[in-house]
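Morning, everyone. I'll take you through one structure today, chain by chain and then contact by contact. Have the viewer open.

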Amino acid sequence: MSSGSTSTSTDAASRLLEAWSGRLAIDHHCHPLFPWPRDVGARQLRAVFTEAVDPEILDQHMPALAAYRDAIRRLAKALDCEATEEAVLQARSKSDPATHANRLLQQTATEMLLLDSGYTGGQPFSLEEHAREIGIPQREVVRLETLAERYISSAGSPSDWLGAVRSGLREAVEGGAVGVKTISAYRAGLALRPIGADELSAAFGELQARAGSGGSKRIAGEALCYSLLADAAEEIARLGVPLQVHCGFGDNDEDLAKSNPLGLRPLLVEPRYEGLRLVLLHCYPFHREAAYLCSVYRHAYMDLSLTLPLAGLDGQRAMRETLGLCPWTKVLYASDASRLPEIYFVAAAVHREALAGAFGEFVDRAMLSFDEAVAAGEQVLAANARRVYNL
Amino acid sequence: MSSGSTSTSTDAASRLLEAWSGRLAIDHHCHPLFPWPRDVGARQLRAVFTEAVDPEILDQHMPALAAYRDAIRRLAKALDCEATEEAVLQARSKSDPATHANRLLQQTATEMLLLDSGYTGGQPFSLEEHAREIGIPQREVVRLETLAERYISSAGSPSDWLGAVRSGLREAVEGGAVGVKTISAYRAGLALRPIGADELSAAFGELQARAGSGGSKRIAGEALCYSLLADAAEEIARLGVPLQVHCGFGDNDEDLAKSNPLGLRPLLVEPRYEGLRLVLLHCYPFHREAAYLCSVYRHAYMDLSLTLPLAGLDGQRAMRETLGLCPWTKVLYASDASRLPEIYFVAAAVHREALAGAFGEFVDRAMLSFDEAVAAGEQVLAANARRVYNL
Amino acid sequence: MSSGSTSTSTDAASRLLEAWSGRLAIDHHCHPLFPWPRDVGARQLRAVFTEAVDPEILDQHMPALAAYRDAIRRLAKALDCEATEEAVLQARSKSDPATHANRLLQQTATEMLLLDSGYTGGQPFSLEEHAREIGIPQREVVRLETLAERYISSAGSPSDWLGAVRSGLREAVEGGAVGVKTISAYRAGLALRPIGADELSAAFGELQARAGSGGSKRIAGEALCYSLLADAAEEIARLGVPLQVHCGFGDNDEDLAKSNPLGLRPLLVEPRYEGLRLVLLHCYPFHREAAYLCSVYRHAYMDLSLTLPLAGLDGQRAMRETLGLCPWTKVLYASDASRLPEIYFVAAAVHREALAGAFGEFVDRAMLSFDEAVAAGEQVLAANARRVYNL
């Protein structure tokens, strides 16, 4: 894997990157690529390096994001072209898109992709297509809310619905899904609270009525989302697969004030969720809070996907902050990449550098030996995910 | 502009400071100076370098604030005296105060001051006096709550009052004001929520009754402040000027728990505020949250005024953290200075060094070329404000 | 005092550590040691370096915490053995435990321990035993909730109970206690609000009934804890001793979402608490918020005990962040150590290094002279506590 154009700050960090260069990673949270697009323009490329969807941000502000400038430099080096957006776009347009994508993905040194199949921002490859097109083994992570929407119309009652979701989850896991993901942060927030039967019943009735008259089946609001999550989490615990939770920042649909992972505490302490492994995704800017949860709750894990590389050097700081309270056996490697191969490539490079920077600092401060740091990073790259997902 | 006595950490940072030395900045948020005071003592000088108003903090603790010690060193260098508070006070007392002030302000390399005329901590120069006394062009930013207090007694109803405020805002903008500022954080917080007609009516009735019996017209509480802000924000959007919002830390009147800019989300997403440019002021310690808002919402902007220089080196870290998610086209330069010229001088020096430190790190890490970093900093110093305020 | 095996990052930092090496510190917040245990195994040693109580975290994850690895290295150096957990355990087992403990505690260069006598995680030495066994002078800090539980059964009403608590506090202070500590964060949170008489009465009735039928006297919930704290705080103000408040992270019993020190604002602004000195303990990850409170409220103080050393290098960053807004006359030195002597030793070394790193940066950046930095650190090590606790 290329380490990209950004120099790391210490000699120990460089040596760590080198030591890990042959080590394959498990990307425990990403999305399928989009079917090979004809012409990728600046706006499409920029869109994978930000959570913004506003065209003005893409057009006016993305060129002024340090992390994006850095991404262009890294891509230019990999594509052997000038370090400009135009040159990068031109270089990619010269190759067959599948070849281009696989070439970049190979450079991520990834042994397996765990794919969240519920991405709703467009029409990505189906999992079958993705497996055919991309030369990296993959597994499915099923998205809770997407699955739950299938059973709304046919359910006779909220409890029917929740029962159908439980069956759906069992089938998904029997069919090979290695985990479940929730986007409650987007739909209701993460400040979990018990929902009474009447509150759920009213919300479910409204949703069914809307769906019945041709409206959207989109599940949103605390009554539906928290009920769904609470019930499904018990089933997920029984199924022995982890539950991924979107935490922290996301696109403009989300209220970040309600996306603090601390609100998930009931899932970590209530006996009915006994054994449920919770993987906190993204976390920024609440990564110190997430690290705390990981430090005291047996089944809490976290990653800095999305944060790396979207937050640039502050993503690298977030990794150092995380490894304050959080044991490295609790940190997972992921890209949260989607759509275009460029983001998989950049996310991988940045993530490895963030690890090298953090563990390199431990070596420089004589807190770890170099060999200990190498082994620690290997845990994050793959061993932790293998254990958490039973791979 | 003098770069002050604090060395910057990298060679790139020093070169950036040098490159920007001839570039004038637009200080998009500051306050008028106080009429030339006779004798400025230690307490008065200290008071402009802290949000504390408690005399014991000024007397006992301010000398133990690293940022204040640093300020004294910077001032001593500019005034060519010994680096002690006494020497600095003595040196300033030897000059005519207007000469002293203009000399320090000239060293800030500022081309224009946008003055919040609603400062309530004393009796500053009127805008007319200020324009006469200070040799830097200035524009007015009108303070919403101060303006709204004028119309309380004469209004027949809450909607009359809100209508009068809208008229007042139109007049202010027609009269030359380039923006509006709200201090809702101080008066109610920033966790915006819809206020019902009855709730507003009751609160307005109480306020009128109090004002009518000679009491204070101070607008406070969620019912009044959130109603005022919601209604005025629509008018401000129509007027095409930005709304500055005090966010994050402030003096002891404020509850910091309620001053998180994330609560402003309704102003960024509801269609009725379409086009409203929101400038988040200060932000610390919620600057990562503010940077997130800027990254996904077209019309969100931010600054680290007050944070720089009051938070010392942590203000400089805040700048680096901010430039993680936030494009540099969204960051504005400001001092939030008031009262004495010393704070304008120190704020300017510290702000430029914070920019140099952050952009210098990008250069050192090969994320930006030196020329790109120079241009980026120039955006922050002036171009962004010119665009946001239509200057 | 040994400076441990972790090198500090600058020459100024090293020189500061050296300058402070003969200076004794006041540990204003720690706990009594446990009676000399026969065999200390890995799990017991690990347990003092984390807030986790889960055996799986102790067994599987603690070896993967950078701060713990660092602690082992520091201990190995002090015990002159190999830098492995096994060697450290073996080395300690060779000495008489009292000798071993006193040897390590001597190396902390501590002149006085202020002991929270209410630790409930086991059976520590009584204060009398502790004074006999440990060769460092000590004073008592009385734990509010523990004291208040004594008076539940005998009280005829909630106000009787609160009155008895006030008497108990007076007796404790007359008996030599130099401060009071509250763990409201664990029992109810810190989002203080007024509690009505009915709400208190109902909660107190339930507690008495439970206690009366042989159940637990454990005080929990907002009604009881906030009433107790509000009433006791007035008495503590009258008694002229400080109130320590557990803030920020703790073990898995705590909801970190409710442990933000900003919720304590009523204790700092309401006239009935006039003169009450509040010492915010631990604070992480809300240390910037705590620093803000210290910067504007006369009687707010803080420490980073527990954060140092549990959060490793991020604890050192927390110290730098804290010294942004917070004057160094407001920061206190503490370990929050308990149970085994190893944690007192490591906490002391790490705390001094954190101070050296932060003040060393001020020296390197020419914000303070070396001599000023030496004096500033001495304030934190002992002078501040002497003043706050009237020692």
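**One chain, then its copies**

Start with chain A: its secondary structure comes to 18 helices and nine strands. Keep in mind throughout that this is a predicted model.

What about overall dimensions? The C-alpha atoms of chain A fill a box of roughly 60 × 50 × 35 Å along the principal axes. The radius of gyration of chain A is 21 Å, and a compact globule of 391 residues would be near 21 Å, so the two agree.

**Symmetry**

Now the copies. Two copies of a chain are related by a rotation about an axis and a shift along it. How are chain A and chain B related here? Chain A goes onto chain B by a rotation of 120°, with 0.0 Å of shift along the axis and an RMSD of 0.0 Å. The two copies are therefore related as by a three-fold rotation axis. Which residue of chain A has its C-alpha nearest that axis? That is Arg317(A), at 6.1 Å. Hold on to that residue, please.

Next pair. As for the surfaces used, 2% of the contact residues of chain B recur in chain C, and the copies use different surfaces.

The A and B pair reads likewise. Why do we say that chain A and chain B meet through different surfaces? Because only 2% of the interface residues of chain A are also interface residues in chain B.

**Chain A against chain B**

Let's go into that contact. Chain A puts in 41 residues and chain B puts in 32. Together they bury about 3100 Å², with 55% of that on carbon and sulfur atoms.

What about charge pairing? Seven salt bridges cross between chain A and chain B. Here Arg317(A) comes back. Arg317(A) pairs with Glu361(B), and the closest N and O atoms are 3.8 Å apart. The salt-bridge cut-off is 4 Å, and the 3.8 Å of this pair falls within that cut-off. So the residue of chain A whose C-alpha is nearest the axis also forms a salt bridge to chain B, by the 4 Å rule.

Polar contacts next: 18 residue pairs between chain A and chain B, both partners at pLDDT 80 or more. Which elements of chain A give two or more residues to this side? Helix H3 (55-61), helix H4 (66-79) and helix H16 (313-325) of chain A. Sorted by class, the side of chain A that touches chain B holds 17 nonpolar, eleven polar and 13 charged residues.

**Chain B against chain C**

Move on one step. Here 41 residues of chain B touch 32 residues of chain C. The buried area is about 3100 Å², and carbon and sulfur atoms give 55% of it. Seven salt bridges cross this interface. One pair to pick out joins Arg298(C) to Glu56(B), with closest N and O atoms 3.0 Å apart. On the chain B side, helix H3 (55-61), helix H4 (66-79) and helix H16 (313-325) each give two or more residues. The class count for that side is 17 nonpolar, eleven polar and 13 charged residues.

**Salt bridges overall**

How many salt bridges are there over all chains? The search of the whole structure finds 84. Among them is Asp314(C) with Arg288(A), the closest N and O atoms being 2.8 Å apart. This pair crosses between chains: Asp314(C) lies in helix H16 (residues 313-325) of chain C, and Arg288(A) in helix H14 (residues 287-296) of chain A.

**Backbone points to check**

Last topic. Most residues other than glycine have a negative phi, and most peptide bonds are trans. Where does this model depart from that?

First, the prolines. The bond from Leu308(A) to Pro309(A) is cis, with omega near 15°. Pro309(A) is in helix H15 (residues 307-310) of chain A. In chain C, the bond from Leu308(C) to Pro309(C) is cis too, with omega near 10°. Pro309(C) is in helix H15 (residues 307-310) of chain C.

Then phi. Asp80(A) is not a glycine, yet its phi is positive, about 55°. Asp80(A) is in the loop between H4 and helix H5 (85-94) of chain A.

That's my tour. Over to you.

Key: Residues numbered from 1 in each chain as written. Chains lettered and ligands numbered in written order. Predicted model: local features only at pLDDT ≥ 70, side-chain atom pairs only at ≥ 80, totals over all residues. Heavy atoms only, no water. Least-squares fit on C-alpha atoms with pLDDT ≥ 70 in both. Contact = heavy atoms within 4.5 Å. Buried area = accessible area lost by both parts, 1.4 Å probe. Salt bridge = Lys/Arg side-chain N within 4 Å of Asp/Glu carboxyl O. Polar contact = N/O pair within 3.5 Å; in protein donor to acceptor, adjacent residues only side chain to side chain. Helix = DSSP H or I, 4+ residues; strand = E, 2+ residues; numbered from the N terminus. Nonpolar A, V, L, I, M, F, W, Y, C, P; charged D, E, K, R; others polar. Rg over C-alpha atoms; globule rule 2.2 N^0.38 Å.
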